[in-house]
Each structure stands twice: as structure tokens, then as C-alpha cells.
Amino acid sequence: MLVRAARPALRAGAAAIPVRAANPAAGYATLREIESRLKSIRNIEKITKTMKIVASTKLTRAQRAMNDSKAYGETSNKVFESAETKGLEGEGKKTLYIICSSDKGLCGGVHSGLSRFMRRTLAGGEAADLVLIGEKSRAQLSRSNPENIVLSFAGIGKDVPTFGDAQAIADQVTRLEGDYSDIKIVYNKFLNATSYEPSIIPAFSEGAFAASPNFSAFEVDEELLGNLREYSLANSLYWALAEGHACEISARRNAMDNASKNAGEMIQKNQILYNRTRQAVITGELVEIITGATASADM
């Protein structure tokens with residue numbers, strides 16, 4: 001009877017021994033997990049800091065290209081301003097929007113801002129077609145407005161845009177068969193090194209320019225209107241692509257700077273957690289050693 005009564009206590013004592021022995025092992029596992037986490041965060045911090053340095057180096061070149069392209073684009077648009085060119089109005093005519101983004105990410109909300117701007121613009125049911133430059137805008141707008149997309153381009157954003165890139169895009173746009181009242185180029189306008197906003201550069205068709213009130217003052221042959229339209233469209237696209245590229249590089253630098261700061265804060269918190277956990281494990285081991293030595297001395 002005495003043995004039977006003692007069995008529950010013996011089982012409880014036997015179950016308690018592995019728990020005490022398992023605590024250091026659990027502590028060691030936790031230390032390894034925290035150490036692995038710290039290693040991963042430190043590697044990410046190195047990558048983000050490197051990407052920030054690369055973006056800072058590219059930003060000067062991108063801003064130089066932006067200023068050069070802006071001079072060409074503004075000068076080209078002065079022709080339409082002097083001619084008082086406006087979009088053609090009529091039934092069945094659409095507006096063609098050209099959205100200038102790129103294929104690259106890790107640059108904050110540069111591309112998503114353009115997509116949100118276009119969704120708000122088309123929310124009123126306006127008859128419009130979309131030409132998408134860059135995989136980012138295509139991936140975002142193909143989910144919300146797939147029926148409006150008539151043309152898309154990839155391979156944009158690997159380097160500073162050139163006039164040749166803009167000319168190749170303008171050549172494809174002028175071949176579209178749609179009857180458009182006007183063309184609007186949507187791009188990110190560079191405000192300063194930390195801010196930008198979606199803006200529009202107007203472009204026009206041959207018919208719109210020919211119907212301008214002051215068209216006769218320029219003495220342009222009607223046979224050359226197609227060439228003038230394509231050249232002015234290429235200038236405007238070059239301006240939009242170069243300025244959007246500068247916004248992207250600036251936003252990537254800021255994003256990588258914020259990511260590096262966040263990684264530094266995470267490293268500090270995990271390092272404190274690691275030190276506390278390690279101290280707890282060492283304290284637990286010391287308690288077990290002292291307890292064992294005391295028990296041995298009592299025996």
C-alpha cells in the first residue's frame with residue numbers, strides 16, 4: 001500500500017527532472033535562433049547600405065539628364081502653346097494616356113502612385129486607352145483596367161533614358177489606329193530629393209495641331225505634320241522618362257536609407273534580447289551547478 005501510494009509522487013518527480021534539464025537546451029536553441037536572426041539582419045543592412053550608396057552615385061547623373069531633357073521638352077511644347085493647340089472634340093474620340101514607369105522596384109511608392117493616379121482619373125468612366133511603359137505599371141494596371149491597355153513596353157529603367165528610347169516608343173505610339181482627341185503623358189514630376197508627384201505633359205495629334213488657331217503663323221507644310229508630331233512626342237517622352245527616372249533613383253536612395261535605419265534598430269533590439277537570454281541561460285546553469293554541489297555535500 002505504501003508503494004502504491006508513493007507511485008504518483010515518483011511519477012511526478014520523474015516528470016519534473018526532464019523539465020529542469022530541458023530549460024538549458026531550450027535556452028541554447030533560442031540563442032541560436034536569435035544569433036541566426038541577427039546574422040540575417042546584418043546581411044540585409046549591408047545590402048541596403050550598398051544600394052543606398054549606388055543610388056546616391058546615380059542620382060547626380062539622373063538629375064543632369066533630367067535637366068537636359070526638360071529643356072528639350074519645354075522648348076518643343078512652346079510650339080503648341082504659341083499655336084494655342086487644343087484637343088479635338090467629337091463623338092467616339094478617346095484620350096490616350098502614356099504612363100511612364102519602369103521595370104525596377106525597391107523605390108517606395110513611385111510606381112504605385114502613378115497607378116493610383118490613373119485609377120482615380122479613369123474612375124469617372126472617361127473613354128481612354130493606355131500605353132504602359134515599364135513592367136511595374138503594367139502589373140498594377142492590368143488588374144484594374146485591362147480593357148484600356150492597347151500597348152506596353154518592357155526593358156525600361158536599366159539605365160538613364162535616352163532620346164533614342166523615347167523615339168522608339170513614339171514611333172510605336174504614332175502607329176496606333178485609335179482616333180484620339182489628345183495624348184497625355186503621365187509621369188512623376190521631380191519636386192526635390194525627397195518628394196515627387198504625378199503630373200501630365202500634353203501632346204497632340206496631327207489634326208489637333210492643324211486645327212490650331214495660330215497654325216498658319218508657323219508656315220508648316222501639311223506633309224511634314226506627321227514628322228513634327230512624332231518629334232515633339234519623342235521630346236515629351238524623353239522629358240517624362242528622364243524626370244521619372246530621377247524620381248525613381250531618389251526614392252530608392254530614401255527607401256534604402258530608411259531600410260538601413262530600421263535594420264539598425266532591429267539589430268540593437270535583438271542584440272539586447274540575445275544578451276538577456278544568454279545571461280538567463282548562464283544563471284540557470286550556475287543555479288543547477290550550485291544545487292548539485294549542495295546536494296552532493298549533504299549526501
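# Reading burial, contacts and cavities

Trainee: Why does Arg42 count as partly exposed?

Mentor: In this predicted model, Arg42 has a relative accessibility of 34%. Buried would mean under 20% and exposed over 50%, so 34% falls in between and Arg42 is partly exposed.

Trainee: Where is Arg42 placed, and which residues does Arg42 touch beyond four places in sequence?

Mentor: Arg42 sits in helix 1. Not counting residues up to four places away in sequence, Arg42 touches Ile267 and Gln271. The cut-off behind that word is heavy atoms within 4.5 Å.

Trainee: What makes the link between Arg42 and Gln271 a polar contact?

Mentor: The side chains of Arg42 and Gln271 are joined at 3.0 Å. The limit for a pair of N or O atoms is 3.5 Å, with one able to donate a hydrogen and the other to accept it, so the pair at 3.0 Å qualifies as a polar contact.

Trainee: How far apart are Arg42 and Ala263, in sequence and in space?

Mentor: In sequence they are 221 residues apart, while in space the C-alpha to C-alpha distance is 7.4 Å. For the protein chain as a whole, take the contacts with a separation of 6 or more: 79% of them are between residues 24 or more positions apart.

Trainee: Now to helix 6. Why does Ser236 count as buried?

Mentor: Ser236, which lies in helix 6, has a relative accessibility of 1%. The cut-off for buried is under 20%, so Ser236 counts as buried at 1%.

Trainee: Which residues is Ser236 in contact with, and what makes one of them a polar partner?

Mentor: Leaving aside neighbours within four places in sequence, Ser236 is in contact with Asn77, Ile185 and Ile201. The polar partner is Asn77: the two side chains meet at 3.3 Å. That value is within the 3.5 Å limit, so this is a polar contact.

Trainee: How much of the protein chain is buried?

Mentor: Of the 299 residues in the protein chain, 36% are buried. The chain holds six helices and five strands, and from the N terminus on they run α-β-α-β-α-β-α-β-β-α-α.

Trainee: How do you know that the span of helix 2 is close to the expected one?

Mentor: Helix 2 covers residues 110-122, which is 13 residues. The expected span is 1.5 Å times one less than the number of residues, so for helix 2 the expected value is 18 Å, and the 19 Å from its first C-alpha to its last is close to that.

Trainee: Which residues of helix 2 are buried, and what do they pack against?

Mentor: The buried ones are Val110, His111, Gly113, Leu114, Ser115, Phe117, Met118 and Leu122. Their partners are strand 1 (94-100), strand 2 (128-133), helix 3 (135-144), strand 4 (180-192), strand 5 (195-203) and helix 6 (225-298). As background, residues three or four places apart in an α-helix point the same way, because there are 3.6 residues a turn.

Trainee: How many cavities does a search of the whole structure find?

Mentor: Two of 30 Å³ or more.

Trainee: What space lies in the second largest cavity, and which residues line it?

Mentor: The second largest cavity holds about 30 Å³, lined by Phe80, Ser205, Glu206, Phe209, Leu225, Leu228 and Arg229. Two or more residues each come from helix 5 (206-210) and helix 6.

Trainee: What about the largest pocket: what is its volume, and which element gives the most to its lining?

Mentor: The volume is about 200 Å³, and helix 1 gives the most, with six residues. The lining has 15 residues, of which Val54, Lys58, Lys104, Ile249 and Arg252 lie nearest the centre of the pocket. By class, that lining has six nonpolar, two polar and seven charged residues.

Definitions and conventions. Residues numbered from 1 in each chain as written. Predicted model: local features only at pLDDT ≥ 70, side-chain atom pairs only at ≥ 80, totals over all residues. Heavy atoms only, no water. Buried < 20%, exposed > 50% of the residue type's maximum accessible area, 1.4 Å probe, protein only. 1 Å grid on protein atoms, 1.4 Å probe; cavity = no way out; pocket = protein on both sides within 12 Å on 5 of 7 lines; lining within 4 Å. Points joined across faces, edges and corners; volume = space filled by probe spheres on them. Nonpolar A, V, L, I, M, F, W, Y, C, P; charged D, E, K, R; others polar.
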